Amino acid sequence: MAISVRERFFIGVMEPQLMQTSEIGILTSTALLHRIVRQVSSDALVHEMVYFILGEQREPEKLMDINQHPLRHRLIEHCDHISDEISIMTLRMFEHLLQKPDEHILYNLVLRNLEERNYTEYKPPCQEDKDMVENGQIPVDLEEDPLFTDLSSDTILSNQEWLSASPPTSPDHPKNDGKTEVHKIVNSFLCLVPDEAKSSYHVEGTGYDTYLRDAHRQFRDYCSICLRWEWPGSPKSLEKCNLEAAFFEGHFLKVLFDRMGKILDQPYDVNLQVTSVLSKLSLFPHPHVHEYLLDPYVNLASGCRSLFSVIVRVVGDLMVRIQRIPDFTPKLLLVRKRLLGLEPEGPIVDHMTLLEGVIVLEEFCKELAAIAFVKYHSSSAP
């Protein structure tokens with residue numbers, strides 16, 4: 001029965017609608033698919049629906065082959081569509097898809113590309129690296145690192161500023177088990193947005209602790225979904241990983257990271273949806289997902305990026321741009337209060353998109369810190 005639904009309805013009716021080029025048609029069909037994803041509860045039908053949307057591929061993705069399953073490719077591309085409405089609706093569909101109890105969803109979208117942990121560069125700490133950090137030097141030249149090649153000379157921060165924005169190298173890292181002390185991880189996310197770009201401490205009830213309860217509840221729900229999938233409790237040993245293989249984060253994470261990198265220039269509603277999907281991904285209790293999305297201390301291989309490194313780049317851009325905005329802090333606080341309904345709507349504030357993006361960025365960092373805290377204490381509980 002489920003196979004017949006896939007062949008006759010999903011492939012026969014839905015696919016042509018989802019593959020069309022009319023924006024109204026795309027939005028309507030994606031909204032219908034979103035509703036179907038939310039409503040379907042039969043395990044067999046969920047499985048066929050997942051294969052329809054994502055395909056059956058389980059081998060690591062390659063950039064040149066991301067169009068292997070045309071519908072999957074099209075839907076992921078729609079997460080970064082020129083129409084904000086289409087982007088938001090497609091992101092919502094993926095957010096609810098990730099909450100379905102089918103192991104293939106996360107594996108196809110993310111896990112198959114993290115299997116070998118080839119986003120890491122295993123390099124035992126040597127005395128030279130320790131000395132460089134103690135002297136305030138960064139072992140990697142940012143201008144030569146492919147991760148930072150798109151930064152112009154006037155947007156590159158000094159060594160000391162980069163060190164304050166990202167966690168320092170320490171003898172404790174890298175660790176073979178992929179874990180770092182939770183307080184360091186939490187502080188890394190909480191301190192990522194500099195004080196001059198923060199506004200939550202001016203408004204009561206918007207602290208980091210407000211995210212802890214939600215993170216605990218959501219993580220518990222995700223654990224109950226993933227329990228039967230028998231995921232490992234610790235990352236695959238680096239000695240058994242093929243670290244020489246070229247790393248590609250996969251089409252889904254690529255689009256999400258690209259959108260995250262544009263958070264200062266995107267509409268507020270788009271940013272909320274992008275960060276919502278990323279936070280849902282971060283909640284999954286798989287050690288490779290945790291390491292790649294929530295460990296700021298992971299030694300990234302050359303040319304690779306992680307969620308933390310993407311945010312670091314955004315913060316670097318932000319710190320340059322706020323210097324050019326007069327009365328930045330009062331404007332930021334006003335926008336936050338308006339978003340919370342604490343101030344009536346008034347004249348349009350200059351740089352509204354950027355200011356709203358900064359607020360979403362600060363809240364997202366607090367949410368990631370809360371998720372990291374909850375996941376650590378859950379895994380360390382007896």
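This report describes charged residues in a predicted model.

## Salt bridges in the model

Side chains of opposite charge can pair when their charged atoms come close. In this model the count comes to 20 salt bridges.

One of the pairs is Arg6 with Glu48, whose closest N and O atoms are 3.2 Å apart. This pair links distant parts of the chain: Arg6 belongs to helix α1 (residues 2–18) and Glu48 to helix α3 (residues 43–54), 42 residues apart. Both Arg6 and Glu48 are buried.

## Arg305 and its partners

Glu249 and Arg305 form a salt bridge, with 2.9 Å between the closest N and O atoms. Glu249 sits in the loop between α10 (210–226) and α11 (251–260), while Arg305 sits in the loop between α13 (287–294) and α14 (307–321), so this pair ties together parts that are 56 residues apart in sequence. Glu249 is buried, as is Arg305.

Arg305 also forms a salt bridge with Asp258, where the closest N and O atoms are 2.8 Å apart. Asp258 is in helix α11 and Arg305 in the loop between α13 and α14, so the pair ties together parts that are 47 residues apart in sequence. Why does Arg305 count as buried? Its relative accessible area is 16%, and buried means under 20%. Asp258, at 25% relative accessibility, counts as partly exposed. Through shared partners, salt bridges join Glu249, Lys254, Asp258 and Arg305 into one network.

Terms used
Residues are numbered from 1 along each chain as its sequence is written. This is a predicted model: local features need pLDDT of at least 70, side-chain atom pairs count only at pLDDT 80 or more; totals for chains, interfaces and linings use all residues. Side-chain values use heavy atoms; hydrogens and water are left out. A salt bridge is a side-chain nitrogen of Lys or Arg within 4 Å of a carboxyl oxygen of Asp or Glu. Helices (H or I, at least four residues) and strands (E, at least two) are DSSP runs, numbered from the N terminus. Buried means under 20% relative accessible area, exposed over 50%, partly exposed in between (1.4 Å probe, protein chains only).
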